2 protein chains.
Amino acid sequence: MFDFKIYGHKNMTDKYRHLHIKLTPQRLAIFKFMEGNKSHPSAEAIFSAVKKQYPTMSFATVYNTLDALKNKGGIRELKIDSVKKRYDPDLTPHHHMICVTCHQIFDLFADIEVSITDELIQGFKIHDKNIEITGLCRNCQ
Amino acid sequence: MFDFKIYGHKNMTDKYRHLHIKLTPQRLAIFKFMEGNKSHPSAEAIFSAVKKQYPTMSFATVYNTLDALKNKGGIRELKIDSVKKRYDPDLTPHHHMICVTCHQIFDLFADIEVSITDELIQGFKIHDKNIEITGLCRNCQ
DNA sequence: CTATCTGCAAACGTTTTGCATCTGT
DNA sequence: ACAGATGCAAAACGTTTGCAGATAG
């Protein structure tokens, strides 16, 4: 989930110590579930998955953890789904393709040319550019 | 809101007849409010505005009308705001810039080069490409 | 030790729904 | 006439919050 290989982590706890948040077992389970997860899960999906291991897991803990991760720059919150928030542990610059039929989300690691004239942006200071592509995935065509 | 000037509309009702939905006074009030509206209003904003004229206006009617419009291609539903849906009557291709401080939404009518190799899109058939830019607007810098 | 986290339940804001009544066509 | 819209209130849904007890550091 985070590229800290340079630290040579001994274990799970060491691996996430840099976040400077309390590393509870519940949180570590969430980190583990998110690590390398390409499904862009919702809070509900994360909750369901981690609840198997921690039957007392609550939404408060899931949202609390996701919020902490988001604030520490550990995950991205996606607005791809108008119904619920989705989370992406992949922080490398990429975009998303959403199938209008099966609603699956596909990563797109294309380097996209976004050339905008100063005149058009009305003095807006750009932090981030994000491209959302809608259409039909191979299966649904 | 719709570019049907070629029909030479006599009045409000004629203007929207092509939608093939019942043109109630409430709906016409919503159409009028949306026409040329650059504020990307939420359902609540539309409701509040139109309620002044129709005190009995309900959310059911607002959502019903927005849904009909969306399905007939009369408006676009935006996913820019993760809390609530926003609606845009402008159907000409354009993108959005969202200020992270004041949360205002600005239109961006730039023609953006999105060149993607066939290999990267995994057979995905693209219908639409949408760019969301986040940053600071001139006022908030 | 104590600042922070967990888990529960209740509250919240947005959107959807059921249904009786009404109305545009 | 009648398919479809309105308006109300209730429900549904995802998310947030308050708080008492627990725990990581």
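A salt bridge is here a side-chain nitrogen of Lys or Arg within 4 Å of a carboxyl oxygen of Asp or Glu. In the predicted model described below, A:K79 forms such a bridge with B:E132, and the closest N and O atoms of the two residues are 3.0 Å apart. Between chain A and chain B the count is 2 salt bridges. Polar contacts between chain A and chain B amount to 14 residue pairs, with both residues of each pair at pLDDT 80 or more.

On the side of chain A that touches chain B, at least two residues each are supplied by β3 (95-99), β4 (105-108) and β5 (125-136) of chain A. The most comes from β5(A), which gives 12 residues to this side. Sorted by class, the side of chain A that touches chain B holds 20 nonpolar, 9 polar and 12 charged residues.

The overall fold of chain A can be set out briefly. Chain A has 4 helices and 5 strands. The C-alpha trace of chain A spans about 50 × 35 × 25 Å along its principal axes.

The extent of the contact between the two protein chains was computed next. The size of an interface is often given as the accessible area lost when the parts come together. For chain A and chain B, the buried area is about 3300 Å², and carbon and sulfur atoms give 61% of it. Within chain A, the residues that lose the most area to chain B are A:K79, A:Q122 and A:F124, which together make up 20% of what that side buries. In terms of residues, the contact takes 41 from chain A and 40 from chain B.

Strand pairing also links the two chains. β5(A) and strand β5 (residues 125-136) of chain B pair in the antiparallel sense, over 11 bridges. In this pairing, A:L136 stands opposite B:K125 in β5(B), and A:I133 stands opposite B:K129 in β5(B). Within chain B, strand β3 (residues 95-99) pairs with β5(B) in the parallel sense over 4 bridges. There, B:M97 stands opposite B:I133 in β5(B). β5(B) therefore has pairing partners in both chains, namely β5(A) and β3 of chain B.

The model also contains DNA strand C and DNA strand D. DNA strand C is surrounded by 19 residues, of which the closest are A:K22, A:T24, A:T56, B:Y63 and B:K85. Of the atoms of DNA strand C that come within 4 Å of the protein, sugar and phosphate account for 73%. An N or O atom in the side chain of A:T24 is 2.7 Å from a phosphate oxygen of DNA strand C. For A:T61, a polar side-chain atom lies 3.3 Å from a phosphate oxygen of DNA strand C. The side chain of A:Q26 has an N or O atom 3.0 Å from a sugar or linking oxygen of DNA strand C. Two or more residues of the surface near DNA strand C come from each of α2 (25-34) and α4 of chain A and α4 of chain B. α4(A) provides the largest share of that surface, 3 residues. The surface near DNA strand C comprises 8 nonpolar, 6 polar and 5 charged residues.

DNA strand D is likewise surrounded by 19 residues, and the closest are A:Y63, A:K85, B:K22, B:T24 and B:T56. Sugar and phosphate make up 76% of the atoms of DNA strand D that come within 4 Å of the protein. A backbone N or O atom of A:K85 lies 2.7 Å from a phosphate oxygen of DNA strand D. From chain B, the side chain of B:N64 places an N or O atom 3.2 Å from a phosphate oxygen of DNA strand D, while that of B:R27 has an N or O atom 3.3 Å from a sugar or linking oxygen of DNA strand D. The surface near DNA strand D takes at least two residues each from α4 (59-71) of chain A and from α2 (25-34) and α4 (59-71) of chain B. Its largest share, 3 residues, comes from α4(B). By class, the surface near DNA strand D has 8 nonpolar, 6 polar and 5 charged residues.

Notes
Residues numbered from 1 in each chain as written. Chains lettered and ligands numbered in written order. Predicted model: local features only at pLDDT ≥ 70, side-chain atom pairs only at ≥ 80, totals over all residues. Heavy atoms only, no water. Contact = heavy atoms within 4.5 Å. Buried area = accessible area lost by both parts, 1.4 Å probe. Polar contact = N/O pair within 3.5 Å; in protein donor to acceptor, adjacent residues only side chain to side chain. Nonpolar A, V, L, I, M, F, W, Y, C, P; charged D, E, K, R; others polar. Near = heavy atom within 4 Å.
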